[in-house]
Amino acid sequence: MVDEGKKLISRRDFLRIAGLSASSIAAGNLPSTSHTPLMSKMSPLSKQAAGKVRPWWVREVDQPTVEIDWDQVRRFDARNTVRGLGFAKYAGQAELDRLNKLDAEIEKKRILEGIPGYTLQDYALNDAQASIARGKRYFLGPQEAQTPEERGVPKWTGSPAEAARVLRASMRHFGAATIGFVQLDENTRKLIYSHDPDGKKIVFEEVDEAYETSAKRVIPNKAKWVIVYTVQMSTETMKRAPTILAEQTTKLSYGRGLEVQFKTQEFIRALGYQCLGEASSNALGISPALAVMAGLGELSRQNRVITPEFGPMVRIFKMITDLPVEPDKPIDAGIMEFCRQCKKCAEACPASALSLDDEPSWETTGGWNNPGHKAYFEDSIKCRTYMKSEAGSNCGICFAVCPFAKKEKAWLHQWVKAGVSTFPVFDGVIRSMDDAFSYGAQKNPEEWWYLDLPEFGIDTEQTTNDG
Ligand code: SF4
Ligand code: SF4
């Protein structure tokens, strides 16, 4: 029932609003009834667009929904993030040592006490995922596939649109969820790191072949296309955040992302072109920025990407190729607009690390942010400190509570997401509905071990026409 303080609404109100919106949708400037959110999963027409299947309510736009001042954007040094040793740059080595020690003590205590989501079997699952996620990566790729030259045949040729279609089809088969392409120019080159996390410089040179030395990784100027791709995380598992059980699905995604990278590098090599990958996890370039430019999602209040298909439940990866591919445009699915009113992640963040401001800002929070875009900048030190001192994991509460972290199957969720992009006036109502149905509540970690989840815990049919 109605409780303004808790932003609850009655079922009657919900049905009234739903009815009003349904009729508004029917009367509005929307696609024909065959594309209503109740009936349509994907636009059949979009299937013809080089294998790129998106929900109908995703609009391609010339400029992303995050404002960018390209003059202020600089190539970022990946060592300035708070990952790994980067934390010590800002908080000091002594604080990092203290937190690591605390983290280890908490782990042992929770295992001994059998805390749900932190039992020995939960940690064992996490360790198992780490074995692949932390596997060796290669900038130049495995380089084992036969090149066309070695086969004595000409290299593959096709239009940029055909190349995009072929890459999408193969990468989806390798395990990528969504794939987009960014053409490198004077601006978008700034989204490639100046230095990788291991300290090697990343430089562009007028050479034919990419190469790597002990000091630098060299990208040929002719390699002008970034392949950006997402790999799904298990929503059902992340709903158990902030436990170590939930963390392991992120590691699973990193492992699967690595597999997609290797295979794509070999695939492109076998076509007769070069494909340069992340030399370590989170290397090469700024994932959220490249994903936004590739139209895979929008920047959100979390200062991370929310995708129309999977919400925040993805990890993002990237590679660079000299195979000319048709670039994609950024999108507007109403996500950034929705974040202005929602604030659910920021309110739920136990570390108060996310912005509660009404409007995004040009002011960064610390050296871990790259200036030049108007965003809800986060306090990464507070976030990391909470992870190590209390969560005992990589947390993920902000992912789990996000109203976009839903499976696509239920019509309500389609309607909610469709309403967001077409009728921003309903954003506040939809957030209230999300609260009312307790969608953000943490699920029972013990119960997870009794579920019959699909492979990798994910739904692989959300972005397909052909199963
Ligand atoms: S991961 Fe956790 S601590 Fe970090 S921003 Fe999200 S909710 Fe806050
Ligand atoms: S929880 Fe709300 S404010 Fe946060 S990212 Fe999701 S939609 Fe945006």
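## Surroundings of ligand 1

In this predicted model, ligand 1 is surrounded by C349, A351, A353, L354, E378, C383, Y386, C395, G396, I397 and C398, a residue counting as near if its C-beta atom, placed from the backbone, lies within 6 Å. The shell around ligand 1 consists of nine nonpolar residues, one polar and one charged (Ala, Val, Leu, Ile, Met, Phe, Trp, Tyr, Cys and Pro count as nonpolar, Asp, Glu, Lys and Arg as charged, and the others, Gly among them, as polar). Helices α12 (380-391) and α13 (397-401) each contribute at least two residues to this shell.

Residues are numbered from 1 along each chain as its sequence is written, and chains are lettered from A and ligands numbered from 1 in the order in which they are written. As the model is predicted, local features need pLDDT of at least 70 and side-chain atom pairs count only at pLDDT 80 or more, while totals for chains, interfaces and linings use all residues.

## Packing of α6 and α8

Helix α6 (residues 160-174) packs with helix α8 (residues 244-271) at an angle of about 140 degrees, the axes lying 9 Å apart (axes are lines fitted to C-alpha atoms over the stretch in contact, and angles run from 0 to 180 degrees between N-to-C directions). α6 is therefore oblique to α8 (under 35 degrees counts as roughly parallel, over 145 as roughly antiparallel, 65 to 115 as roughly perpendicular and the rest as oblique).

From α6, S170, M171 and F174 meet E259, V260, K263, T264 and F267 of α8 (contact: C-beta atoms, placed from the backbone, within 7 Å). The residues of this contact comprise four nonpolar, two polar and two charged.

## Overall chain

The protein chain has 16 helices and 11 strands (DSSP runs of H or I with at least four residues, and of E with at least two, numbered from the N terminus).

Conventions. Contact = placed C-beta atoms within 7 Å.
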